[in-house]
Amino acid sequence: MAEMDRISTDELLALLFKERNLEHFLQRNESAYLTHSFSDYLNAWCKEHLEVPEQVIRRANLEKSYGHQLFSGKRNPSRDTVLQLAFAMRADLAQAQEMLRTARRSPLYPRIKRDTVIIYCLHNHISLLDTQIILQDLQLPLLGGREK
Amino acid sequence: MNELKHIVKDMETVFAESRYPADFLAAYDQMECLASHTGRETFLVQRKTDQEMAVATCYDRRVFPVRPDMTLLGELSHPGLPRYYEQFQNDQMLCIVREYIEGETLADYARERQLSVEDVVSIAQRLCDILEVLHMHKPAVVHRDIKPENLIVKPDGQIVLIDFDIARCVKDGAGADTVFFGTKGYAPPEQYGFGQTDARADIYALGVLLRWMVTGSVRENRNITIDAALQNVIDRCTAFSPDDRYKEIRQVRQGLYRVGKRSARIRPKRAALWLAAAVLLMLGGFAVGRYTNWFRPSQKTVFAEPLIEEAVRLMAGKENGTLTAEDLAEVKRLYIYGTEAFADAEAFDACKVDTSTQGPIRTLDDLALLPGLEELHIGRQGYVDVSGVAGLARLYTVDLKHMRISGAAPIADAPGLRHAILFDTGLTDVTALENCPWLETLDVGLNAITALKQIGAHPNVRSLGLMWLEMDNVDDLAAYLPKVQAVTLQHGHIGDMSGLRELPDLEAVYVLKEQEEEVKKVFAGTDVEIRITEN
C-alpha cells in the first residue's frame, strides 16, 4: 500500500468477478494481498493527497506527539482514534472500515446506536466536530472520550 | 445546526424500538461489536455511571432458547477468570455482562513474539491453574473452546480464559453431546458427537494449543522437531480416545513441570558436558568413579512446587544436593508466605511481605514426601489444592491464610489435627473438621461463613476465631462449641451476641477498641474479660 496503486476491497472484488483465470488474477493483484501497517496507510494517504501529517493530526483533534507516534508506527491507535483519523481524512464508510481493519480494530456495526451515528456521518461527510455534537445530543460517548 | 437537530431526531426514532433489553441500554453504552455470530453478539460496553468498561454477550432467545446459567462465573473466583457482573433480559434477548480484560489475545501475543519452550510451558501452566478451578468445581465445568483467541495475556503476563458460551457442567450418566460446538482443530473427537465431553475435552484442546504455540500449526507435523518431553505431553493430551489421555489437569501440570525443569537444565547441562570432557582428558585413564560418587546412581526427589522444596531444604539445612529419605523424614515444620520460605516461626511472623505478592503454590501434593510433618504454615497464595494434607499422621497444626483452598475435607483427614487456622481461605463450610476429635483451635475468620451450621459441632475447641465475619446471631453456640474459652471478634459484626454469654467456660473476647462498648454491654455482670487488640 506504500504506492498509490492500492485498490479498495470492492474494486478488487469487481475485478475478481470479471477475471476468468484465477491464477492470472492472483499474480496481477499480488500487491493487494500484502499486509500493510496502519502507519503505512496514513503516510501513503498523505502522500497521495499532498498533505503533511500535522494537518491530519490537527483535523483529527489528536495530541500532536501522539499523532506523530501513530504516523511513525511507534503507537497503535485505539478504535476511536482510527475513527477520528477517518473523519480527518474525509473517508467514506468503506474506507473507514478498511482503516479499522488495517489497525486490527472492530469494524463499525450498524446495530450499535453510536456506530450508526458514525456510519451516517461518514457517509454524509459530516465533520468530526458536528459528529461529536450529534453524539452529545444523543447522550452517547464522544469519539476519543476514553482511550481503550 | 438545524440539520443536525433533524439527524438527532431521526436517530432517536430509529432506535426507539430496540431489541436489546431497555434496562441494559439504560445502564450501558454499547461501544463496539467484538464478535457477531448467528443469534449471538459480543459487545464492548461502557457503564454509564462510572465509565467502567465491560463485555456483554447478547443472545437471541429464538436461536438460544435455553442458556446455561452464566452466574456460574460468579462462583468461580480466580484471577484467571473474568468476573460476572449482571444480566438483563426481555422477550427477545438475554444480555450477560462480565469483566473486561485489558490485554491482547494469545493469538496476537504469539504472532508478535518468538515463544521459547519456557514461555510455552509457563503459559500452559497458568492455563492449567485456571482449568483446575473449573474442573474441580462441583459439578465440574468444561470450557470446550480453548484456543488462542479465547486467552487474554494481560500486560502483567497473567493469562485470563474468556468466552464461556459453550461451557457445560458435566452430568454423570449423560449421553453423547448432541450438537457440535467448539473450534475445529481444537475440539476433541467426542465433541463431534462421539461421546459426552468431560474435563478431558479441555485437556485435548490444551494439547493442541501447546502444539500451536510450538509449531504454529494445530495439525501434527513430524517434520518439526519438538522437545521430546513436550512432545510426550502433547501426545498424551491429544490421544484420540479420552481414555488414553491424561485424566486430570493436575497430571498435565506435572508433565509440564518436568518439561520446564528439563528445559531450564539444558543450557547448564551443555556446559557441564564440556567441563566433564575436559576433566576426563586431564585425568586420562584415572579411575574417576572409584574415588568419587559422580557416577553413583542416586534417587532424586522431585517436588511439584519449587517453593515447597525451598522450604524443605531450609528446614533440612541442605541448600543443595540430594535430599535423602532421612532428610525428608526429619522435616517437622514448613513456613511459607507469598514467594518466600522461612526457617522458623519468628521469621515467618516477622515477615512484612507486600500484600500484593501472591505466591506460586498451587498444590500441596509434595507434603506426601514429608511423613514427619507436624506444623504447616502457608500464607498469601492463589488457588491451592490442599488434598496433599490428607493422611499426614503427625500433622497437628494447619495454618493457611490469604489464599483460596479446594476445601476443608482433606484437612480433616489429618487424624491428629489440633489447630486449624483457615483465615481468608474462601471457605463456605468447615463442617468436615467435625471429624477431628482433638481440634482445640479453630479460626475461620474472613471466610464466606454467616451461620454456625457452616462451622459445625466441635466438642473440644477452646479457641475460636470469628474475625471479619458477619452473622445475624450465634444462638446455640454452646451446643456447637461447648468448651470455647476465647473468641476473636475483631472487624466482625454479630447482630445478636447473646449466644456468647451461654458459653460456660468463656474467659476472654478479643475486640477492637471501637467494638469495646457494644461487647461490654453483652457481658455486663459476667467474669468474661474484654481484651482490646490493635487489629
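Chain B has 16 helices and 24 strands; helices (H or I, at least four residues) and strands (E, at least two) are DSSP runs numbered from the N terminus. The model is predicted, with local features needing pLDDT of at least 70, side-chain atom pairs counting only at pLDDT 80 or more, and totals for chains, interfaces and linings using all residues. Residues are numbered from 1 along each chain as its sequence is written, while chains are lettered from A and ligands numbered from 1 in the order in which they are written.

| Quantity | Value |
|---|---|
| Buried residues (20 or more other C-beta atoms within 10 Å of the residue's own, C-beta atoms placed from the backbone) of the 535 in chain B | 39% |
| Contacts (C-beta atoms, placed from the backbone, within 7 Å) in chain B with a separation of 6 or more that join residues 24 or more positions apart | 43% |

In chain A, the axes (lines fitted to C-alpha atoms over the stretch in contact) of helix α8 (residues 113–123) and helix α9 (residues 128–137) come within 10 Å and cross at roughly 150 degrees. α8(A) and α9(A) are therefore roughly antiparallel (an angle over 145 degrees, on a scale from 0 to 180 between N-to-C directions). On the α8(A) side, R114(A), V117(A), I118(A) and C121(A) meet T131(A), I134(A) and L135(A) of α9(A). These residues divide into 5 nonpolar, 1 polar and 1 charged.

Buried residues of α8(A) include R114(A), V117(A), I118(A) and C121(A), as well as K113(A), D115(A) and L122(A). Just after α8(A), H125(A) has a positive phi of about 50 degrees.

Definitions and conventions. Parallel < 35°, antiparallel > 145°, perpendicular 65-115°, else oblique. Contact = placed C-beta atoms within 7 Å. Nonpolar A, V, L, I, M, F, W, Y, C, P; charged D, E, K, R; others polar. Buried ≥ 20, exposed ≤ 12 C-beta atoms within 10 Å, placed from the backbone.
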